[in-house]
Amino acid sequence: MYEKKSKAILVGLNNTGKKESIDIEISMNELSELTKAAGAEVLSIAIQNRPAVDVTYFIGKGKVDEIKQLCETLEADMVIFNDELSGSQIRNLEETLGVDVIDRTALILDIFAQRARTKEGKLQVELAQLKYRMPRLIGLGRQLSQQGAGIGTRGPGEKKLETDRRHILKRIDDIEQELKEVKKNREVQRGKRSKSELPIVALVGYTNAGKSTLMNSLLKMSDQYDEAREVYAEDMLFATLDVSLRRLSFPNKLDFILTDTVGFVSKLPHALVNAFKATLEEVKYADLLIHVIDASNEEYNLQKQTTLDVLRELGVENKNIINVYNKVDKILDGTLLPKEENALCISAKANKNLDTLIEHIRNQIGPDIIDVHLLIPYDKGNLISSLHNDGVVLGSEYVEEGIEVKARVEKMYYHKYESFNLDK
Ligand SMILES: Nc1nc2c(ncn2[C@@H]2O[C@H](COP(=O)(O)OP(=O)(O)OP(=O)(O)O)[C@@H](O)[C@H]2O)c(=O)[nH]1
Ligand SMILES: [Mg+2]
């Protein structure tokens, strides 16, 4: 790893025309979280109000001079821009400021480069990085000439990134070939899985919303719990990069595959979304999506919208979705949350309302017919006759506490009998 922690000044452009913009503030806060996730320290945040982008410096020259001063005073060694810069803007800014300059995209790519673990993940990140670099080679002179260059120049697995255009093109080609192979493999796996005909439920949502925590909690409640099957969940952006699939079974034949995957963030670089399309394909094949929303985050509406935008980009916005408002243990007044159809409030960490979530999942993908083993008390004898209408009675026996019945009921009527089910 790098011995010295980079110290960064963040710069954002507010071109909304309004003097104060909440959007830019939210966006800068997020940039600050991303910077920390990459392992750097945020010294200061600067915003320029300006109607249009400056071709040479992205922001106005006066502001550049101001930031140069700030860099010297605070001893910053890096400036991070909230928007994508061109190669020549990077070069001009670095020449004037005398420190490394990177943009939001390079920052996100850097976090991904640090986190990628599987071969596929690493290849996807490297591909996205190379595609980002190709048109910017001219601007990356300073960073690449430095020893032990930091954020924005590392490749997955600490590999030094290519700097020669011809080599880059060759490498892009090689990676694309390799990814094709990986994809073939994945299709074979998927083929096998679809033969088993288990429905697929995919967790989606903003990064840090609690997807992996929810996966672990559901795993614990299922019949197949084993600590070794837990996935990594941590309080940091992009804790998960690779897809994990786990088979879960619950009583009454609710059997499905749950997938956990990379979270989203606003302005997710295009190159990255493209590179991760193969990974995200798991979402495409899902029968049901669970959209995990961090209800304790003030910006949850914006985060929700961002997730929906990425889903649209992937062409999966029309799937059945259950919205789960997570982390309700952290908020004081859950009643303020929106009342929507197909939505519920849960706490993945404190195991709140997960039973209800499982029933929601059952309603969407569970078997249409449920096998039941009931013990109906004698004073509820009328249920036996309604059972004949709602399903098929397979056998019954009179015992001391009531009538024991084995039957098959249609899912839509199951709620009437649920509390008498001995197998529950
Ligand atoms: N208080 C509280 N914290 C939660 C809850 N669910 C998750 N967290 C915490 O939120 C943080 C992020 O959780 P993860 O499960 O890693 O989130 P994720 O959506 O998988 O995030 P990425 O993989 O980074 O996209 C962890 O510190 C969790 O412990 C919850 O219901 N309540
Ligand atoms: Mg995760």
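Leu-289 is buried, with a relative accessible area of 0% (buried means under 20% relative accessible area, exposed over 50% and partly exposed in between, with a 1.4 Å probe and protein chains only). Before going further, some bookkeeping: this is a predicted model, where local features need pLDDT of at least 70, side-chain atom pairs count only at pLDDT 80 or more, and totals for chains, interfaces and linings use all residues. Residues are numbered from 1 along each chain as its sequence is written, chains are lettered from A and ligands numbered from 1 in the order in which they are written, and side-chain values use heavy atoms, with hydrogens and water left out.

Back to Leu-289, which is found in strand β8. Strands here are DSSP runs of E with at least two residues, helices are runs of H or I with at least four, and both are numbered from the N terminus. Setting aside neighbours within four places in sequence, Leu-289 is in contact with a set of residues including Ala-202, Val-204, Val-283, Leu-311 and Ile-322; contact means heavy atoms within 4.5 Å.

Strands of a sheet pair through backbone hydrogen bonds, either parallel or antiparallel. In this model, six strands make an open sheet with mixed pairing, in the order β6-β7-β5-β8-β9-β10; two strands pair if DSSP finds at least two bridges between them. The edges are β6 (244–250) and β10 (343–345), each with a single partner strand, so one side of each is left without a neighbour in the sheet. Averaged over the sheet, neighbouring strands are turned by 25 degrees against each other, direction ignored. Strand β8 (residues 288–294) runs parallel to strand β9 (residues 321–326), and six bridges join them. Ile-290 stands opposite Ile-322 in β9.

What lies across this sheet? Helix α8 (residues 211–221) does, covering β5 (200–205), β6, β7 (254–260), β8 and β9, and it runs at about 35 degrees to β6. For angles like this one, axes are lines fitted to C-alpha atoms, for helices over the stretch in contact, and the angles run from 0 to 180 degrees between N-to-C directions.

Helix α8 also packs against helix α12 (residues 354–365), at an angle of about 85 degrees and with the axes 11 Å apart. That makes α8 roughly perpendicular to α12 (65 to 115 degrees counts as roughly perpendicular, under 35 as roughly parallel, over 145 as roughly antiparallel and the rest as oblique). From α8 the contact uses Leu-214, Ser-217, Leu-218 and Met-221, and from α12 it uses Leu-354, Asp-355, Leu-357 and Ile-358.

Ser-212 (OG) and Thr-240 (OG1) coordinate the magnesium ion (ligand 2) at 2.0 to 2.1 Å. Donors are N, O and S atoms within 2.8 Å of the metal (3.2 Å for Na, K and Ca), and water is not among the atoms, so sites may look incomplete. Ser-212 lies in helix α8 and Thr-240 in the loop between α8 and β6, so the pair ties together parts that are 28 residues apart in sequence. Both residues are buried.

Next, the charged pairs. The structure holds 21 salt bridges, each defined as a side-chain nitrogen of Lys or Arg within 4 Å of a carboxyl oxygen of Asp or Glu. One of them joins Asp-390 to Lys-416, with the closest N and O atoms 2.9 Å apart. Asp-390 sits in helix α13 (residues 382–390) and Lys-416 in helix α14 (residues 414–417), so this pair ties together parts that are 26 residues apart in sequence. Asp-390 is buried at 5% relative accessible area, while Lys-416 is partly exposed at 34%.

Lys-131 and Glu-176 form another salt bridge, at 3.0 Å from N to O. Since Lys-131 lies in helix α5 (residues 119–133) and Glu-176 in helix α7 (residues 165–196), the pair ties together parts that are 45 residues apart in sequence. Lys-131 is partly exposed at 41% relative accessibility, and Glu-176 is partly exposed at 31%.

Finally, the whole chain: 14 helices and 13 strands, with C-alpha atoms filling a box of roughly 90 × 50 × 35 Å along the principal axes. Of its 424 residues, 52% are buried.
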